[in-house]
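Subject: Structure handover

Hello,

Please find the structure below, with the sequence. My notes on what was found in it follow.

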Amino acid sequence: MTFTFVTLFSNLIEGYFKDSILKRAIEKDLLRINYLDPRGYSKNKHFKVDDTAVGGGAGMVMNAQSLFDALDDLKKKDENVHIIFVTPVAKPFVQNDAKRLAKKNHVAFVSGRYEGIDERVIEKYADEVFSIGDYILTGGELASLVICDAVSRNREGVLGNSESLEIESFETPLLEAPSFSKPKTYEGLSVPSEYLKGNHSKIRSLKLALSEAKTKFFRPEQLIKYHCVGAMKKN
Ligand code: SAM
């Protein structure tokens, strides 16, 4: 799978792929990462890519010309590239999007800077637009990386153990049960004793009860969904 980051600041992104799981996935050629800098397409003699907002307003806006030309070039090289813009006002990116996008061959992320991107670029080129949360970042690079990371781990072969994908939070309405590591007791705090006894059916029941408690605490609306789905299955 190929990811192309359309960004003025590729150096903010590059480091993320230099270690850990995604680095290994790149070494195995499961993932390929490209960068496209709109500045390289600017027709301005100073390679400017931003301008003041038409109609007034504070701050600069990324202009249409350099992004139109960069994205035309990208589409010329791969007409099937799936282009995602990141902006705080869009629908929130969720786990189902990550799984769906992991089936694509080529996804490009366009990162805004300054006060954002000339809307005509988004209208012309966006296949999808996502927000990663209701807050304003200084630029789209982190948002693009967040989405890329979540998509990548759903790509076959990227995670060593594909089972870890199946039992994760957001795969079902219930959140994943709490996890513990060794030692069994640390600074007077013990792991639940049932986890240590080796009775897998009892461990499963306890994990379910803990999942429900965790969901009730962190995401009560999800627990309601879980009970509704259960009731529908019974009827
Ligand atoms: N003026 C814009 C507004 O109020 O909606 C915010 C622009 S923000 C400072 C610059 C860029 O950061 C945006 O174009 C977008 O690409 C990115 N960005 C900021 N917050 C984001 C979020 N929560 N999710 C996705 N992208 C975000």
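The protein chain is assigned two domains, domain 1 (2–154) and domain 2 (167–233); such bounds come from an automatic or database domain assignment. The C-alpha centres of domain 1 and domain 2 are 36 Å apart.

Two points on how to read the rest. This is a predicted model, in which local features need pLDDT of at least 70 and side-chain atom pairs count only at pLDDT 80 or more, while totals for chains, interfaces and linings use all residues. Residues are numbered from 1 along each chain as its sequence is written.

Strands and helices

Helices (H or I, at least four residues) and strands (E, at least two) are DSSP runs, numbered from the N terminus. Two strands count as paired if DSSP finds at least two bridges between them.

β5 runs parallel to strand β6 (residues 106–111), and 5 bridges join them. Ile84 has Phe109 as its bridge partner in β6. Between β5 and β6 the chain passes through helix α4 (residues 95–101), and this β-α-β crossover is right-handed. Right-handed means that, with the strands pointing away from the viewer, the path from the first strand over the helix to the second runs clockwise.

β5 also pairs with strand β7 (residues 128–131), again in the parallel sense and over 5 bridges. There, Pro92 has Ser131 in β7 as its bridge partner.

The UniProt record (an unreviewed entry) places the feature "binding site" at Gly112, Ile132, Gly133, Asp134, Tyr135, Ile136 and Leu137. UniProt positions are given in the numbering used here, feature names are shortened, and annotations may be inferred rather than shown by experiment.

Buried or exposed

A residue is buried if 20 or more other C-beta atoms lie within 10 Å of its own, exposed if 12 or fewer, and partly exposed in between, with C-beta atoms placed from the backbone.

Gly112 lies in the loop between β6 and α5 (119–125). Is Gly112 buried or exposed? Gly112 counts as buried because it has 26 C-beta neighbours inside 10 Å.

Cys148, in helix α6 (residues 141–152), is also buried, with 24 C-beta neighbours inside 10 Å. Cys148 and Val6 are 142 residues apart in sequence, and their C-alpha atoms are 13 Å apart.

Ala53 sits in the loop between β3 (50–52) and β4 (60–62). Ala53 has 15 other C-beta atoms within 10 Å, so it is partly exposed. From Ala53 to Asp118 the distance is 65 residues in sequence and 8.7 Å in space, C-alpha to C-alpha.

Lys43 is in the loop between β2 (32–36) and β3. Lys43 is exposed because 10 other C-beta atoms lie within 10 Å. Lys43 and Gln65 are 22 residues apart along the chain, with 7.7 Å between their C-alpha atoms.

Backbone details to look at

Most residues other than glycine have a negative phi, and most peptide bonds are trans. The residues below depart from this.

Ser20, in helix α2 (residues 20–27), is not a glycine but has a positive phi of about 65°. Ser20 counts as exposed, with 9 C-beta neighbours inside 10 Å.

Tyr114 is not a glycine either, and its phi is positive at about 55°. Tyr114 is in the loop between β6 and α5, and is partly exposed with 16 other C-beta atoms within 10 Å.

The peptide bond from Lys182 to Pro183 is cis, with omega near 5°. Pro183 belongs to the loop between α7 (163–166) and β8 (185–186). Pro183 is exposed, with 9 other C-beta atoms within 10 Å. The C-alpha atoms of Pro183 and Glu212 are 25 Å apart, at a separation of 29 residues in sequence.

Regards
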